[in-house]
Amino acid sequence: MFVYLSVNQFPPYSDRYRDSSLPTAERVEDLLAQMTLQEKIGQMALIEKNSISETDDIRAYGLGALLSGGGGNPENNTVAGWQTMVNGFTDISRTSRLGIPILYGVDANHGHGNIPGATIFPHFIGLGATGDVDLVERVARATAEELVATNISWSFSPTLDMPQDIRWGRVYETFSDDPALVGRLGAAYVRGLQNNAPKNTGTPSVLATLKHYVGAGGMQWGTSSNEDFSIDQGATPADIALLHDLYLPPFQESIQSGALSVMVGLNSWGDTKIAASSYLIQDVLKGELGFKGFVVSDWYGVYEISGNTYADTVTAVNAGVDMVMLPYNYKTFVRNVATAVQTGAISESRIDDAVRRILSAKFKLGLFDEIQNQVPTETVGSDEHHQLAREAVAKSFVLLKNDENLLPLSPTTQSIFVAGSAADNVGRQAGAWTVEWQGVDGNVIPNGVSILAGIQNAAGGNADITFNENGVFSPELGMADVGIAVVGEKPYAEGWGDTAEPTLSQEDRETIQNLSKVSKKVVVILVTGRPLVITDDIQNWDALGVAWLPGSAGEGIADVLFGTAKITGALPLPWPASIQQLPIATDGSTRDGSPVLFERYFGLKR
Ligand code: GLC
């Protein structure tokens, strides 16, 4: 039975915590001292917005945060619809006894991807290929502005995972397998997302989340705890040397840039779920690394520790998880934690530590202070942001083969045939976490420019551009000077992208063959979230470039093809020659000892 305090049992009220001139620590202590146990526990709950049975529960339980999981859009999926939804929830939280506002979080891992029309930047693997710290910071700032325009205060990004096996469905969410580069870009992303809001100009900061702590990307094939997956949510070998040399440095550098939250992953460290590891969370993250923000668990991960919700809740909170992404049942969570405190299974000091960390982040973000949000709604999908995305796309392009310096295309090129499943498909360019969790397949994203459209615009009147998705052209057109095949992967998210065979589809191979029959030279452009095994194909191509998952500014690819922008990109991770080489260690050594097709940081410059 959960004991509710009667009104006269509340501690005496003080409103000092509302004084924005006071140091954060003072505000936190003033507020914490007057919170009841239930109000403290409520702050530790993160709920998926569709799981709030009564919106008044946000007030009654003093809930700490809500999220939209991938695709968790409002009915009216527009900027106005998001503003109404998020403001609605936040306003209710402000009517609680102490008026503690919620955090509202989304996965803005390549822009505010939930909203049709928002700027979709390249997924992180493309940003990793740019190696450009300043660019990544600017992309993060633009992302923050589009989030703030819809009153969202939290993004579950940047990802700092270290991809070692391209069969994993989340390689495209990572920057690189080089911890030094991941640290630099992760820190830049935190600065852009969270720290650089110009003060008092109505553009509040957005809480950054370093994820997935720790060892994600190092899981072994076939160890997934999810029966539908093969490697995502799998087990990372508990190698202490790799922990300190490979996995921790990016977190350390990004924590030093001021990140205020860390998300623990759904993978295991050896045979221990990360959310259950007091060693990794309390001793290493909060101890060795000195992390002062709050730790949030991922999705339903806490309850996958043993399957006993009460025992798992106690284990995770005692291991150092401060906020639990439930994401469904907050009533059971509040009751379980209250029972654990009353029985001594969880100490009240652990609760106070968790709530201090959460409240500190909320005060530092300015959530208690009435910052007049002056970010105009037109910011979402603005031309300025689209041009930034276009710059990022061009800089992310990696040229792997270029016989006779075919690229950039000569201005005398007269006829160009374009083919391929990803040539006129902004949904494939964008990849997942775009409008829907698993992404959308097709030209259904407003403000999106397909790679084909970019080529058509760039060629202008200088060359005839003819498109056929399957690479079949009418014979009277004769031979094209150049055939461009834009092929690659359909959108996927998380374990749904795990595959034993990361390679081109038979359909794409046939398209390239068709095109080759009617083109004097063939350029292949890969729209892909990861390196693909193309060892036996590449000798038939005159040029090969990787666009990764470029997002809505497909014209950035035409910019490099026609020489408007220089080709500067470099592979952010090794490109395997075969599956037998996987996993590939970050020193480049392959499992079977054979040489990779292209080493990390390879990229022809033009
Ligand atoms: C997912 C992902 C995590 C994401 C979270 C919220 O399961 O693992 O990266 O931030 O849930 O959508």
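In this predicted model, isoleucine 525 stands opposite glycine 545, a residue of strand β17. That pair belongs to a stretch where strand β16, covering residues 519-527, and strand β17, covering residues 543-546, run parallel and are joined by four bridges.

Both strands are part of an open sheet of six strands, whose order is β12-β17-β16-β15-β13-β14 and whose pairing is mixed. At the edges of this sheet stand β12 (398-402) and β14 (464-467), each of which pairs on one side only. From one strand to the next, the twist averages 20°. Helix α15, made of residues 451-459, packs on this sheet and touches β13 (415-419), β14, β15 (480-488) and β16, while its direction makes about 165° with that of β14. Helix α16, which spans residues 506-517, lies across β13, β15 and β16 and runs at about 175° to β15.

A further open sheet is formed by three strands in the order β5-β7-β10, and here the pairing is parallel. Because β5 (209-213) and β10 (294-296) stand at the edges with a single partner strand each, one side of each is left without a neighbour in the sheet. Neighbouring strands of this sheet are turned against each other by 25° on average, when direction is ignored. Between β5 and β7 (residues 261-264), which run parallel, there are three bridges, and threonine 209 has serine 261 of β7 as its bridge partner. Helix α9, residues 278-288, packs on this three-stranded sheet, where it touches β5, β7 and β10, and its direction makes about 140° with that of β5.

The ligand can now be placed by its surroundings. Around it are Leu67, Asp107, Phe156, Arg170, Lys211, His212, Met263, Asp298, Trp299 and Glu494. Lys211 and His212 of this shell fall within the residue range of β5, 209-213, and Met263 falls within that of β7, 261-264.

Several side chains of the shell come within polar reach of ligand oxygen atoms. An N or O atom in the side chain of histidine 212 is 2.7 Å from an oxygen atom of the ligand, and for the side chain of aspartate 298 the corresponding distance is 2.6 Å. In the case of glutamate 494, a side-chain N or O atom is 3.3 Å from an oxygen atom of the ligand. Taken alone, the ligand exposes 310 Å², of which the protein buries 96%.

Key. Residues numbered from 1 in each chain as written. Predicted model: local features only at pLDDT ≥ 70, side-chain atom pairs only at ≥ 80, totals over all residues. Heavy atoms only, no water. Pairing = 2+ DSSP bridges. Helix = DSSP H or I, 4+ residues; strand = E, 2+ residues; numbered from the N terminus. Axes fitted to C-alpha atoms, helices over the stretch in contact; angles between N-to-C directions. Contact = heavy atoms within 4.5 Å. Near = heavy atom within 4 Å. Polar contact = N/O pair within 3.5 Å; in protein donor to acceptor, adjacent residues only side chain to side chain. Areas by Shrake-Rupley, 256 points an atom, 1.4 Å probe, with all protein chains shown as cover.
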